[in-house]
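This report concerns the fold and selected side-chain pairings of one protein. The sequence and the model are shown first.

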Amino acid sequence: LNPCVCSAWFLVMPNFKLQIPNAHFHKHWHDSSAHAGRIVTWHNQAARKHRRRENRLAKAIKNFPRPVNGLLRPVVHCQTIRYNMKKRAGKGFTLEELKEAKVNRREARSIGIAVDFRRKNRSEGSLRENVARLSEYKANLIVFPKKSNRKKPQSGDSSKDACSKAEQVIGDVMPIVKPKPTIVPYKITQADKDKKVFYTLRVCQSDAKLVGKREAAKKKAAEAAVEQKKTAV
């Protein structure tokens, strides 16, 4: 190479727009005692996906006409003060909820309702919510007879017309949907513009902070007034 060309080549500034070299050449590919085979491959990903799909279809066919994802679950609140405002699906309905909804606890699982003998209702709101959930489920429930050759359906069984129109539920039974908050727009009035929100908050904060001092000063002033009356007499 020409020394002049080489010196000019070293003086060229690097291109900072390119990616910074960050190659990883210390991966432990070999299954030996030194490397212990730390690279985990996943070449059967597509096959496992196909197998899971086939298993889901087989389970749906086996459980027909029952729902694919199992029993009806109640609405419960999450634990701890951090998550108790969120709702999720619980293990099962309580005996009190089944009694309010007029569902026999021994027949509940046979008609697709999960039962939890340990959970207790701590509030009236959750009790009413789950009772309404059970009532809605019973209104849309189709109960197939145990024997298909019966001429007349027994008490609790659905009619042949309803059984013929039944469709299998794919997914969760009555999934819990989080309500979306609705924002109602309104026109800002002059009274809203005149409000001093920051000043009001500061006054409230100051009042809460000085409650003890103001009570002590008031008590001290009352005692001083009593002493002054005594000295005057």
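## Basis of the model

The model is predicted; local features need pLDDT of at least 70, side-chain atom pairs count only at pLDDT 80 or more, and totals for chains, interfaces and linings use all residues. Residues are numbered from 1 along each chain as its sequence is written, and side-chain values use heavy atoms, with hydrogens and water left out.

## Overall organisation

The protein contains nine helices and two strands. Helices (H or I, at least four residues) and strands (E, at least two) are DSSP runs, numbered from the N terminus. Read from the N terminus, the order of elements is α-α-β-α-β-α-α-α-α-α-α.

Of the 233 residues, 15% count as buried; buried denotes under 20% relative accessible area, exposed over 50%, and partly exposed the range in between (1.4 Å probe, protein chains only). The accessible surface amounts to about 21,200 Å², and carbon and sulfur atoms hold 57% of that area. Accessible areas come from the Shrake-Rupley method with a 1.4 Å probe; for residues, only the protein chains shown count as cover. Among contacts (heavy atoms within 4.5 Å) with a separation of 6 or more, 51% are between residues 24 or more positions apart.

## Two loop residues: Val-68 and Val-169

Val-68 is situated in the loop that connects α2 (45-63) to β1 (75-77). Its relative accessible area is 13%, so Val-68 is classed as buried. When neighbours within four places in sequence are set aside, Val-68 contacts Lys-59, Ala-60, Asn-63, Gln-168, Val-169 and Ile-170. The C-alpha atoms of Val-68 and Ile-170 are 5.6 Å apart, although the two residues are separated by 102 residues along the chain.

Val-169, one of these partners of Val-68, belongs to the loop between α6 (160-164) and α7 (190-194). Its relative accessibility is 34%, and Val-169 is therefore partly exposed. With neighbours within four places again excluded, Val-169 is in contact with Pro-67 and Val-68. The C-alpha distance from Val-169 to Phe-64 is 9.3 Å, for a sequence separation of 105 residues.

## Salt bridges

Side chains of opposite charge can pair when their charged atoms come close. A salt bridge here is a side-chain nitrogen of Lys or Arg within 4 Å of a carboxyl oxygen of Asp or Glu. By this rule the model has five salt bridges. One of them joins Glu-129 and Lys-87, with an N to O distance of 3.2 Å. Because Glu-129 lies in helix α5 (residues 124-139) and Lys-87 in strand β2 (residues 87-89), the pair ties together parts that are 42 residues apart in sequence. Glu-129 is partly exposed at 30% relative accessible area, and Lys-87 is partly exposed at 44%.

Arg-128 pairs with Glu-100, the closest N and O atoms being 3.5 Å apart. This pair links distant parts of the chain, with Arg-128 in helix α5 and Glu-100 in helix α4 (residues 95-100), 28 residues apart. Arg-128 also forms a salt bridge with Glu-124, at 2.9 Å from N to O. Arg-128 and Glu-124 are four residues apart in helix α5, so about one helical turn separates them. Through shared partners, salt bridges join Glu-100, Glu-124 and Arg-128 into one network.
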